[in-house]
Number of protein chains: 2
Amino acid sequence: MSDALPGSLVGPVEIVGAGLIGTSIALACRRAGLEVLLTDSSDDHLRTASGLGAGRATTPDDRPQLVVVAVPPDHLGAQIARALAGGAVVTDVGSVKVGPLAAVAGVPGVERYVGGHPMAGSERSGPLAASSALFDGRPWAVTPHPGSTPEAVALVEALALLCGAVPVRLTPDEHDLAVARTSHLPHLLAALAAGALADAPADHLALSGQGVRDVTRVAAGDPALYGQIVAANAHAVGALLTGVRERLDAVIEALAGGDRAGVEAVLSEGVSGTRAIPGKHGGPTRPTGTVFVAVPDHPGELARLFADAGASEVNIEDVRIDHDPGRPVGLVELTVDEDRAEHLLTSLESKGWVTHR
Amino acid sequence: MSDALPGSLVGPVEIVGAGLIGTSIALACRRAGLEVLLTDSSDDHLRTASGLGAGRATTPDDRPQLVVVAVPPDHLGAQIARALAGGAVVTDVGSVKVGPLAAVAGVPGVERYVGGHPMAGSERSGPLAASSALFDGRPWAVTPHPGSTPEAVALVEALALLCGAVPVRLTPDEHDLAVARTSHLPHLLAALAAGALADAPADHLALSGQGVRDVTRVAAGDPALYGQIVAANAHAVGALLTGVRERLDAVIEALAGGDRAGVEAVLSEGVSGTRAIPGKHGGPTRPTGTVFVAVPDHPGELARLFADAGASEVNIEDVRIDHDPGRPVGLVELTVDEDRAEHLLTSLESKGWVTHR
């Protein structure tokens, strides 16, 4: 235990669960010079994480200042309780927050527990996929309960900052409602949209454009993991799904009855929702314009495009490469400030690019 | 009328409706050296399109070889019938195909009508947004009815090819089922996901990540236009929505009853659906890997990144810039062939980039 100022993270930090998230936090702590202790039921994970420089295996005499529980949802409650028994401040990185808190509600020392949820991940898992940069600029929900001590809260926020993340303080209830809306509901609706494609004829799917690819992308995630996450937030997700079913019924009825205004009402709600999502860097969404550029699909062409775009002094807010079903030319979509789009287009055309807006 | 070989597109081509799509087709025809005649109820649109070099205003003596009807869905039937009366081959570019065909079923000359639907668009509308490159590499549904003559079908496919698109032949019924699945259903589900965000507190929305942005992006589209499109395909969309409601009910019930297998079943269907979408260039989806790179958010940095990536001789399949809520650093996600990802990562790190997978 340290005798540093309250809220000052000096270590050691114990990581329970050396998977993708746990090992990434460990690497970020090591980068900051903290001592890191690693605990995992898998000796393989432990050896791999140690080998990556993420820390050393925990021994019985270790007295960590902070324990980070990074185990699958089903094991969070037990591991948080075990960690609290050691006297340290304890946080976790679970995707839902009400359940784990309920599991440790009566445990001695629960005032030292503050939930957490870094909004970062990867298509890969395990310590080999870990990176100290995983959390750079990402939101990191910090979810104290009413009994959490201010010192414990400060320590967990310090961990988020040390990892390069942006702490967002919410109650556990609010957090679970928030991720139900911003993560679990979109995931389930994406899965329903994708599910409708599963048995479609190939020549129907040939008409797939960027829209359906975007809507369904997240639905490619591991069903067992997302099933566990969604089930752990069943109450909040269920309430939202019931609301969605009501609006879905309204659309079905409006379509059947030729009531175009009823369809438009649901579409208009959707427009409002897309405008509510915060823009880049957390600010309000700025008006953007799009420039499309045809780019031959081989190495080096994107570099040439971005060199030419860079020379135009226009900051590119977003890029996507449209998947071209018929030929080896990519259509690259550049999103820029609305009032800079025309300048970028003119500038690229002057360098021989085929563009349009 | 021309005396060229059947199916050979020699013009003149009349474009009825000089909006984004009509004017873009006109420009592509002019690029190929064809004479183009323009018809529009708006003198402004006509003057603008002519001024862009898209063609000249139609006169009563003109005898086009092919008429392309590019008007809003509500006016398709009447304009197709009017065009058929002139003796030319007629196509349209409407987003649904059964309705317009039904509207002209008994019209003399209907054997000269072949529906069409180029899968391209823009966030902008009107002739000023037009480009001869709009259709490059995009699918273009060509939807003959049983009475369509082979010559008419060949002429419409020739138009799609001339515009740089990839003709995909479907019956009108099949087309409407296909776009119901690949466009209208995803759009409505995206609107429902987005609608659930409309009244969410700002600190909940602060947890929004790339997933929810992707799922909801298309829901930002004009509700009046999409309402018209979806309503015109009410039967096919309604049937799919009814199927979605059944699966939604199953998820709600599974969540309420703690039946995790029931939730996973729907998520697994979603995974199958994402795998059914054809990959880049129409081929099967290849396994891809992702490399994340932290990039300062100012002009020129992306150019430097792509120059370095290009030097690594790895072909970049997709790019996205993750919107970073907290700071002026973008996280760029590069998608490449799975077996090239590690090489790209190592190569970028050797040039000083902070990367992870």
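In chain A of this predicted model, three strands form an open sheet in the order E6-E7-E8, with mixed pairing. Strands here are DSSP runs of E with at least two residues, numbered from the N terminus, and two strands pair if DSSP finds at least two bridges between them. Strand E6 (114-118) and strand E8 (166-169) of chain A each have a single partner strand and stand at the edges, so one side of each has no neighbour in the sheet. On average, neighbouring strands of this sheet are turned by 25 degrees against each other, direction ignored; the axes behind such angles are lines fitted to C-alpha atoms.

Strand E7 of chain A covers residues 139-144 and pairs with E6(A) in the antiparallel sense over five bridges. A:Gly116 has A:Val142, in E7(A), as its bridge partner.

The aromatic rings may be considered next. Rings of Phe, Tyr and Trp (its six-membered ring) pair if their centres lie within 6.5 Å; planes under 30 degrees apart count as stacked, over 60 as edge-to-face and the rest as tilted. Over all chains, the structure holds two aromatic pairs. One of them joins A:Phe135 and A:Trp140, at 5.2 Å centre to centre and 50 degrees between the planes, and is tilted. The rings of B:Phe135 and B:Trp140 have centres 5.2 Å apart and planes at 50 degrees, so this pair is tilted.

A:Phe135 and A:Trp140 are buried, that is, under 20% relative accessible area (1.4 Å probe, protein chains only). B:Phe135 and B:Trp140 are buried as well.

Residues are numbered from 1 along each chain as its sequence is written, and chains are lettered from A in the order in which they are written. Local features need pLDDT of at least 70, side-chain atom pairs count only at pLDDT 80 or more, and side-chain values use heavy atoms, without hydrogens and water.

Key
Helix = DSSP H or I, 4+ residues; strand = E, 2+ residues; numbered from the N terminus. Axes fitted to C-alpha atoms, helices over the stretch in contact; angles between N-to-C directions. Buried < 20%, exposed > 50% of the residue type's maximum accessible area, 1.4 Å probe, protein only.
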